[in-house]
Amino acid sequence: MLTGTTAPEEGPRRTTAAAAAAAATAAALDGTAHEPPSWSGQFASSPRGAQLARRLAVRRMEEWGHPPESDALCAVALVVGELAANAVRHGRTPGRDFRLRLALDTASDLVRVEVTDAASEKRLPPAPPTSCPEGESGRGLLLVDALSLRWGSTPRRPVGKTVWAEVPVGAT
């Protein structure tokens, strides 16, 4: 099941970078607090769920004003794909979904990607593992490390963990 920040009676929200900047300026002028744009969804812990998470992250980046050919969108798509695939492959708990959250910080030109799963006994290594060039897997966290300013994991109470990465998106 997918959950998002849009109520059922509302249509999809299309937000461009210019509209987001205008809303932030208006909020600053009238003194109201403005939370950075964010989006979250819950997905089945399956390869299809990971694929859907990546597709919806791409759509959200487009709505935030990053065109499909931009480096920012491609970097976020790769990071979401790797973290979602890891949640499905290594963090899967039968009967439990995983959650993806994206938060755009326009002040620092970052998108924070968070993937939460229900497996708390498996912790991430403090640094990306080295991989044998001939190996068929093991490069996911190397990609996350290369595309992110920072990444890590935090425990989730009562169970699970959240793996996060801060991806620079700059101006489009």
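## How α2 passes α3

Helix α2 passes α3 in a right-handed crossing, meaning that the near helix is turned clockwise from the far one by less than a right angle. Their axes come within 9 Å and cross at roughly 155°; axes here are lines fitted to C-alpha atoms over the stretch in contact, with angles running from 0 to 180 degrees between N-to-C directions. The two helices, α2 and α3, are therefore roughly antiparallel to each other (over 145 degrees).

On the α2 side, the contact (heavy atoms within 4.5 Å) is made by residues including Pro47, Ala50, Arg54 and Met61, and on the α3 side by residues including Leu73, Val76, Gly81 and Val88. Sorted by type, the residues of this contact divide into 14 nonpolar, one polar and two charged. Nonpolar covers Ala, Val, Leu, Ile, Met, Phe, Trp, Tyr, Cys and Pro, charged covers Asp, Glu, Lys and Arg, and the others, Gly among them, are polar.

## The loop in between

Ser70 sits in the loop between α2 and α3. Ser70 is buried, at a relative accessible area of 13% (buried means under 20%, with a 1.4 Å probe and protein chains only). The Ser70 side chain reaches the backbone oxygen of Pro67 at 2.8 Å.

## The chain and the model

The protein chain has four helices and five strands, which are DSSP runs (H or I, at least four residues; E, at least two) numbered from the N terminus. Of its 172 residues, 37% count as buried.

This is a predicted model: local features need pLDDT of at least 70 and side-chain atom pairs count only at pLDDT 80 or more, while totals for chains, interfaces and linings use all residues. Residues are numbered from 1 along each chain as its sequence is written, and side-chain values use heavy atoms, leaving out hydrogens and water.

Terms used. Parallel < 35°, antiparallel > 145°, perpendicular 65-115°, else oblique. Buried < 20%, exposed > 50% of the residue type's maximum accessible area, 1.4 Å probe, protein only. Polar contact = N/O pair within 3.5 Å; in protein donor to acceptor, adjacent residues only side chain to side chain.
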